[in-house]
Amino acid sequence: MAMVGLFWIAQGDVYVGAKPSGLAPGVRLTPEGVLGLGEGQSGLRLWEDVSALTVADVPVKSLMRRAGAVKDLAVGTVLMLAQPMGPGPAEDAPAVMTVRVESSDGVHELAAHVAAASYSRAEVALSRALLARLTEGAATMSTTLTAMAEWGRTWEGGTPRGAQREKLLREWAA
């Protein structure tokens, strides 16, 4: 399994955001359509009905975000020393992004946990372009998803480095 842009690819499965477990929210891209997973958002939107696929609330790397992370690390360390039990479960919850699926019956908003603390602007832009490409038609969607799934089946490492992730996103969006 590996993260490439906003996508989590595990064997042949492609997710927007992190792969969910249990009742956690998630979004899986299947050859049939966009599948909402988790409590309160199950349902399949067929590709033939999907006219747009966008994502919002994505944490983007910035100087302020880095400064905030350093501050959070310092505060967390002090709290951990003061409270050896560590943070509670609510503090461990990952951020959530919104996946908007526009279809013939309206706009549907699905939640998906982010797979990284923040993403580079380039990866977000390339991921958004790739999501838009998936709605261009059945042949494009099938070819693109097949390429992503095949890469996931053959990739044996962890998450690739930034330059390789961007290269993959460009290839898949072309």
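Contact here means that heavy atoms lie within 4.5 Å. In this predicted model, residues 24 or more positions apart account for 60% of the contacts in the chain with a separation of 6 or more. Local features need pLDDT of at least 70 and side-chain atom pairs count only at pLDDT 80 or more, while totals for chains, interfaces and linings use all residues. Residues are numbered from 1 along each chain as its sequence is written, and side-chain values use heavy atoms, with hydrogens and water left out.

The chain holds four helices and nine strands, where helices (H or I, at least four residues) and strands (E, at least two) are DSSP runs numbered from the N terminus. Their order from the N terminus is β-β-β-β-β-β-β-α-β-β-α-α-α. Of the 174 residues, 39% count as buried, a class that requires under 20% relative accessible area, with exposed set at over 50% and partly exposed in between (1.4 Å probe, protein chains only).

Strand pairing, which requires that DSSP finds at least two bridges between two strands, can be followed from β4 onward. β4 and β5 (residues 33-37) run antiparallel and are joined by four bridges, with a hairpin of three residues connecting them and L29 standing opposite V34 in β5. β5 in turn pairs in the antiparallel sense with β6 (residues 43-46), again over four bridges, and here G33 stands opposite L46 in β6. Five residues lie between the strands in the hairpin of β5 and β6, where G38 takes a positive phi near 100 degrees.

A pocket is an open set of points on a 1 Å grid over the protein atoms alone, where a 1.4 Å probe fits, with protein on both sides within 12 Å along at least five of seven lines; lining residues have an atom within 4 Å of a point. The lining comprises 13 residues, of which G12, T30, P31, L145 and A149 lie nearest the pocket centre, and α3 gives the most, with six residues.

Finally, H108 is found in strand β9 (residues 106-113). H108 counts as buried because its relative accessible area is 17%. The side chain of H108 makes a polar contact with the side chain of D105 at 2.9 Å, a polar contact being a pair of N or O atoms within 3.5 Å, of which, within protein, one must be able to donate a hydrogen and the other to accept it, and residues adjacent in sequence count only if both atoms are side-chain atoms. Leaving aside neighbours within four places in sequence, H108 is in contact with R45, V99, R100, V101 and S103.
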